[in-house]
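Q: I have a structure open and want to learn to read its contacts. Can you take me through it by question and answer?

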Amino acid sequence: MSTPASLLPEYEAWMERVCATYDAMTYTCHHRLGNRRLAEQVSAQVLAGLLAKPKVFRYFGLPYSGRIARLAEARIAEAREGRLADVGSWPELLRGLTGLPLEHQEVLVLTCVRGDDDGQLALNLGCDAHTASLRRHSTMEYMRGLAARALPPATLSDDEPPSDG
C-alpha cells in the first residue's frame, strides 16, 4: 500500500490492518461466491460496516472476526439472492481513509486502536475532557459518514443502533 506522507505512523499501521482485512475478506468471499466483482462489493460493504463502528479495531481474534462474520454473512446472502446493493467501492473507501484529516487520524488511533476513554484522550490530546469528548464524537461521525458512502442507506440504521462505538 502506498501512503502519502500525511499519515501518522500509528494510523498507517492501522491502515495496513484495514487493507489486509479487505484482502482476506475478498479472497474468502470470492471463494464462497465464485464471483470476484461480488466478492469485492461484499468486502467493501463489510469493511464499511466495521468503519461505521470503528472501536471494533481495538480487538483481535474472535471479537474482531465475529463482527466481520456477522456483517459478511448478511451481505453474502444478499449477493447470492441478487439483492446486494451496488454502492461505494473499496477504492473509494481507501481514498477516504488515506485522506482522513490528521486530527481524526489521531483521535481514531487513540480511541479505536488503543482504547482511550475521554479522560485519557484528553491527556493525550492536551485538552480538557469536554473538548476530547467533542473531538471523539466528531471523529466517530466522520467515520460513519465515510462508511455510509459504501453502504445501502438502510444498513447503518438496520445493523445496530447508532453509537460512538
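Q: Is E73 buried, partly exposed or exposed, and which relative accessibility puts it there?
A: Buried means under 20% relative accessible area, exposed means over 50%, and partly exposed lies in between (1.4 Å probe, protein chains only). At 39% relative accessibility, E73 counts as partly exposed. Keep in mind that this is a predicted model: local features need pLDDT of at least 70, side-chain atom pairs count only at pLDDT 80 or more, and totals for chains, interfaces and linings use all residues. Residues are numbered from 1 along each chain as its sequence is written, and side-chain values use heavy atoms, with hydrogens and water left out.

Q: Which residue forms a salt bridge with E73?
A: A salt bridge is a side-chain nitrogen of Lys or Arg within 4 Å of a carboxyl oxygen of Asp or Glu. Here R32 pairs with E73, and their closest N and O atoms are 2.6 Å apart. R32 sits in helix α1 (residues 9-33) and E73 in helix α3 (residues 62-80), so the pair ties together parts 41 residues apart in sequence. Helices here are DSSP runs (H or I, at least four residues), numbered from the N terminus. R32 is partly exposed too, with a relative accessible area of 32%.

Q: How many salt bridges does the structure hold?
A: Eight. Among them is R37 with D86, closest N and O atoms 3.0 Å apart. R37 lies in helix α2 and D86 in the loop between α3 and α4, 49 residues apart. D86 counts as exposed, at 56% relative accessibility.

Q: Where do E106 and R135 lie?
A: E106 is in helix α5 (residues 102-113) and R135 in helix α7, 29 residues apart. They form a salt bridge, with closest N and O atoms 3.5 Å apart. E106 is partly exposed at 29%, and R135 is partly exposed at 25%.

Q: At what angle do the axes of α2 and α7 cross?
A: Axes are lines fitted to C-alpha atoms, for helices over the stretch in contact, and angles run from 0 to 180 degrees between N-to-C directions. The axes of α2 (residues 36-52) and α7 (residues 129-148) come within 8 Å and cross at roughly 165°. That makes the two helices roughly antiparallel, a label for angles over 145 degrees.

Q: Which residues of α2 and α7 meet?
A: Contact means heavy atoms within 4.5 Å. A48, L51 and A52 in α2 meet M143, R144 and A147 in α7. These residues divide into five nonpolar, no polar and one charged.

Notes. Angles under 35 degrees count as roughly parallel, over 145 as roughly antiparallel, 65 to 115 as roughly perpendicular and the rest as oblique. Ala, Val, Leu, Ile, Met, Phe, Trp, Tyr, Cys and Pro count as nonpolar, Asp, Glu, Lys and Arg as charged, and the others, Gly among them, as polar.
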